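Open the model in your viewer and keep the sequence panel beside it. This tour goes from one selection to the next and says what is there at each stop.

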Amino acid sequence: MTAVTAVTYAIQLRNFEFSQNILSRRTMAEEESEEKEYRWETGYEKTWEAIKEDDHGLLEASVADIIHNAKRKRQLERKQGARLGMMRHLYIVLDASESMSSQDLKPTRFLCSLKLLEDFIEEFFYQNPISQLGVIITRNKRAEKVSALTGNSKKHVKDVQTLQQTVVGGEPSLQNSLELATKLLNVLPSHASKEILVIIGALTTCDPGDINETIRNMKLDSIRCSVIGLAAELYICKRMANITGGEHSVALDDKHYKEQLNAHVDPPPAATRVDAALVKMGFPHHALHSSAPDTSMTVCMCHAQNSDETVKLMTTGYLCPQCLSKHCELPVECRACGLTLVSAPHLARSYHYLFPVDLFKERAPEGDHSFCFGCQKTFAQKDKKVYTCGKCNQTFCLDCEIFIHEILHTCPGCAINPETYRKSTDRS
């Protein structure tokens, strides 16, 4: 076996002299595509001027404005009127090289990533119940598939927890990981949203070929690749994210790391080449409510081929309406006939992305609305901004407004008002 040549890509460090060497290698087209300026290219910032005293010499008003802007940041960044990919197929590529043993994230980068991934998987499937996810790790110049694409969140969480016993080592191979994920995503139909999320902590990658060719193939296959860096911003990673339409960021600490992961929970805008097609789905019935022949003691299709788990005969389960195969949980793709099996609540949870709650009007609190309609809290002097629904004219505080748009996805004032509720149902 011939030795694989390690290619170390230029790292955009915050050093002006070194950055000039990197910038000189870029083409004019790449320079025009990058609109964001770096810290060393911008002017001197007086960050302390953001906090100002009020007429009484207090800083509470400035601190309240900073907290207000931080809470509203994620909601304001959402794109309105964009076509979203509802049936998402996401592969997470996790770096398991020697660099992930660093302790700048406690206890280590690798263990911190595994813990955050458990919460991310649960939130991902709660917000995207008809989507699928898979996990790939890269170490020792190779890529290993940990879990295949499936909609079972418990299986992914269990597989991620078993990775805690994994010994990190060697160098990662970004190209091998992308090639493996691309190969697994190419078999999906054209209407599916194909995504890759790379979490990398190394500053080098050991690749067997030209990674630029791999990036071009991902763009042709409409695969969106995003990167979260744990060490520094890598030029090749940012270029890959720009070409494929993904996002690139660098985690500053564990809290910022969690925010960057949660930014990938919401479905991204769909690719322009995605075909509009009807998707055949099945709504299975439970075995307890079926006829006698269907409730016989059988092994479910989910565990029939798993030798590492205890296989039990059971009468309960969900029966595929097309081939009557039994499955433990929903949503799932039938192992026998390939039909996507879902339940009505799963589609209802995806419904809020198609018809989101309209943004509330931001205004100063007035005398006619002295309390929040949601939590019944009386507006205080620190509540400089309140939010009014444009349909029912009910007023909400900041926390309730965020809760309505990110979790509840229904305005309480419109829901209890028969007139506005009838209009919303007619529109849907």
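Is Arg-109 buried or exposed? Select Arg-109 to begin: its relative accessible area is 8%, so Arg-109 is buried. Bear in mind on every stop that this is a predicted model.

**Stop 1: salt bridges**

Asp-104 has a relative accessible area of 45% and is partly exposed, whereas Arg-109 is buried. A search of the whole structure gives 8 salt bridges, and the next two selections are also among them.

Now select Arg-139 and Glu-144. Their side chains form a salt bridge, at 3.1 Å from N to O. Arg-139 has a relative accessibility of 18% and counts as buried, because the cut-off for that class is under 20%. Glu-144, at 30% relative accessibility, counts as partly exposed.

Next, select Lys-391 and Asp-358. Here the N to O distance of the salt bridge between the side chains is 3.9 Å. Which parts of the chain does this pair tie together? Lys-391 is in the loop between β16 (386–388) and β17 (395–396), and Asp-358 is in the loop between α10 (344–354) and β15 (361–363), so the pair ties together parts that are 33 residues apart in sequence. Lys-391 is partly exposed, with 40% relative accessibility, and Asp-358 is partly exposed as well, with a relative accessible area of 45%.

**Stop 2: aromatic rings**

Switch to the aromatic side chains. The whole structure holds 4 aromatic pairs. Select Phe-120 and Phe-124: the ring centres are 5.9 Å apart and the planes stand at 35°, so this pair is tilted.

Where do Phe-120 and Phe-124 lie? Both are in helix α4 (residues 109–127), 4 residues apart, which is about one turn of the helix. Phe-120 is buried, with a relative accessible area of 1%, and Phe-124 is buried too, at 0% relative accessibility.

For another ring pair, select Phe-373 and Phe-396. This aromatic pair is edge-to-face, with 5.9 Å from centre to centre and 90° between the planes. Phe-373 is in the loop between β15 and β16, and Phe-396 is in strand β17, so the pair ties together parts that are 23 residues apart in sequence. Phe-373 counts as partly exposed, at 21% relative accessibility, whereas Phe-396 counts as buried, at 0%.

**Stop 3: two helices**

Go back to helix α4 and show helix α9 (residues 254–262) with it. How do α4 and α9 cross? Their axes come within 10 Å and cross at roughly 40°. That angle makes α4 oblique to α9. The crossing of the two helices is right-handed.

**Stop 4: the sheet that holds Phe-396**

Select strands β15, β16 and β17. They form an open sheet of 3 strands in the order β15-β16-β17, with antiparallel pairing. Strands β15 and β17 are at the edges and have a single partner strand each, so one side of each is left without a neighbour in the sheet.

Look next at the join between β16 and β17, where the pairing is antiparallel over 2 bridges. What is the bridge partner of Tyr-387 in β17? The partner is Phe-396, the residue whose ring also pairs edge-to-face with Phe-373.

**Stop 5: another sheet**

Finish with strands β10, β11 and β12. This open sheet of 3 strands has the order β10-β11-β12, and its pairing is antiparallel. The edge strands are β10 (285–286) and β12 (326–327), each of which pairs on one side only. Strand β11 (residues 318–319) is joined to β12 by 2 bridges, and the two strands run antiparallel.

Methods:
Residues are numbered from 1 along each chain as its sequence is written. This is a predicted model: local features need pLDDT of at least 70, side-chain atom pairs count only at pLDDT 80 or more; totals for chains, interfaces and linings use all residues. Side-chain values use heavy atoms; hydrogens and water are left out. Two strands pair if DSSP finds at least two bridges between them. A salt bridge is a side-chain nitrogen of Lys or Arg within 4 Å of a carboxyl oxygen of Asp or Glu. Buried means under 20% relative accessible area, exposed over 50%, partly exposed in between (1.4 Å probe, protein chains only). Rings of Phe, Tyr and Trp (its six-membered ring) pair if their centres lie within 6.5 Å; planes under 30 degrees apart count as stacked, over 60 as edge-to-face and the rest as tilted. Axes are lines fitted to C-alpha atoms, for helices over the stretch in contact, and angles run from 0 to 180 degrees between N-to-C directions. Angles under 35 degrees count as roughly parallel, over 145 as roughly antiparallel, 65 to 115 as roughly perpendicular and the rest as oblique. A crossing is left-handed if the near helix is turned anticlockwise from the far one by less than a right angle, and right-handed if clockwise.
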